[in-house]
Amino acid sequence: SLHDALPILTYQIVTIKAVSVADPMRWASTTITLQPPTAVAIFLDPMTADLTVLGQQQFNAWVTGTTNVSVSWALSGPGQLLSCGTPFCTYQAPSSIPSLTSATLTATSVADQSKSRTATITLRPPPGISISPAKATLTALQYKEFAAEVSGSGDKRVNWTLSGPGSLQGCTEPSVTCTYRTPDAISSSQPTATITARSLADPNGSASATVTLQKTFLEVNLG
């Protein structure tokens with residue numbers, strides 16, 4: 001007969017036997033395997049991420065113990081979610097991170113909303129960069145070395161570019177210093193040159209130095 005069954009807590013094999021009332025020697029049996037319900041579980045990878053401005057990280061969530069493997073995603077903190085579904089979700093850091101902060105991303109099982117996993121995303125401000133000297137005044141055929149300092153990153157190298165007259169010496173490869181050479185002759189129509197250092201760790205981070213170019217006047221004493 002049918003009745004409300006007790007909870008199945010362990011793996012069991014049950015045999016049901018039917019015996020003829022008219023002839024007890026005649027019977028038949030069947031075996032039923034009882035298994036406890038599989039608990040729903042959810043997993044998330046990675047559980048941590050470390051990003052700076054506009055950085056992206058893809059997360060993967062998967063559910064076991066049910067045929068419904070769908071997950072929902074929820075973000076707490078700065079940034080935004082891109083292209084989220086099952087099983088992937090992409091997080092993007094905000095365009096501005098003024099100081100060290102964090103966000104959390106939670107994946108929840110649709111089949112059992114009591115089951116969830118949360119990843120922690122550390123958000124770091126972009127590396128700072130400065131150049132020294134920030135200003136210089138030079139005349140024709142002079143050399144000046146500039147140095148860039150990058151903070152907040154292990155990679156201190158920068159790319160150097162020049163806008164205006166003159167040339168850069170020994171700066172074709174990323175480095176922390178660069179030498180500027182003034183032109184052979186200085187035109188009054190181009191009195192300045194700008195030297196820019198751009199961080200390899202953060203291409204959006206740069207600093208510039210301004211070189212004022214002075215014409216040299218030859219003093220002739222006729223006396």
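Visitor: How many salt bridges does a search of the whole structure find?

Guide: The search finds four salt bridges. A salt bridge here is a side-chain nitrogen of Lys or Arg within 4 Å of a carboxyl oxygen of Asp or Glu. The model is predicted: local features need pLDDT of at least 70, side-chain atom pairs count only at pLDDT 80 or more, and totals for chains, interfaces and linings use all residues. Residues are numbered from 1 along each chain as its sequence is written, and side-chain values use heavy atoms, with hydrogens and water left out.

Visitor: Which residue meets Arg 124 in a salt bridge?

Guide: Asp 50 does, with N to O at 2.8 Å. The pair links distant parts of the chain, 74 residues apart. Arg 124 is in the loop between S10 and strand S11 (128–132), and Asp 50 is in strand S4. Strands (E, at least two residues) and helices (H or I, at least four) are DSSP runs, numbered from the N terminus.

Visitor: Which residues form other salt bridges?

Guide: Asp 155 pairs with Arg 157, the closest N and O atoms being 3.1 Å apart. Asp 155 is partly exposed at 26%, and Arg 157 is partly exposed at 39%. Arg 181 and Asp 184 also meet in a salt bridge, 2.9 Å from N to O. Here Arg 181 is partly exposed at 21%, whereas Asp 184 is exposed at 54%.

Visitor: How is a pair of aromatic rings described?

Guide: By the distance of the centres and the angle of the planes. Rings of Phe, Tyr and Trp (its six-membered ring) pair if their centres lie within 6.5 Å; planes under 30 degrees apart count as stacked, over 60 as edge-to-face and the rest as tilted. The count by this rule is one aromatic pair. The rings of Phe 43 and Trp 62 have centres 5.7 Å apart and planes at 20°, so the pair is stacked. Phe 43 lies in strand S3 and Trp 62 in strand S5, 19 residues apart. Phe 43 is partly exposed at 31%, and Trp 62 is partly exposed at 37%.

Visitor: Where does the charged end of Lys 17 sit?

Guide: Over the ring of Trp 27, 4.1 Å from its centre. The test needs NZ of Lys or CZ of Arg within 6 Å of the ring centre and within 35 degrees of the ring normal.

Visitor: What about the nonpolar side chains?

Guide: In soluble globular proteins, nonpolar side chains tend to be buried together. A nonpolar core is a set of buried Ala, Val, Leu, Ile, Met, Phe, Trp, Tyr and Cys residues joined through side-chain atoms within 4.5 Å. The largest core here has 21 residues. Leu 44, Phe 59, Trp 73, Tyr 91, Ile 121 and Leu 123 touch the most other members. Elements giving two or more residues to this core include strand S5 (56–64), strand S9 (101–109) and strand S10 (116–123). A second, separate core of 20 residues includes Ile 131, Val 158, Cys 171 and Ala 193.

Visitor: What is Leu 123 in contact with?

Guide: Contact means heavy atoms within 4.5 Å. Leaving aside neighbours within four places in sequence, its contacts include Leu 51, Pro 78, Tyr 91 and Ile 97.

Visitor: Is Ser 109 buried or exposed?

Guide: Ser 109 is buried, at 0% relative accessibility. Its place is in strand S9. A polar atom of the Ser 109 side chain lies 3.1 Å from the backbone nitrogen of Asp 112. Beyond four places in sequence, Ser 109 is in contact with Val 40, Ile 42, Val 63, Ser 70 and Lys 115.

Conventions
Buried means under 20% relative accessible area, exposed over 50%, partly exposed in between (1.4 Å probe, protein chains only). A polar contact is a pair of N or O atoms within 3.5 Å; within protein, one must be able to donate a hydrogen and the other to accept it, and residues adjacent in sequence count only if both atoms are side-chain atoms.
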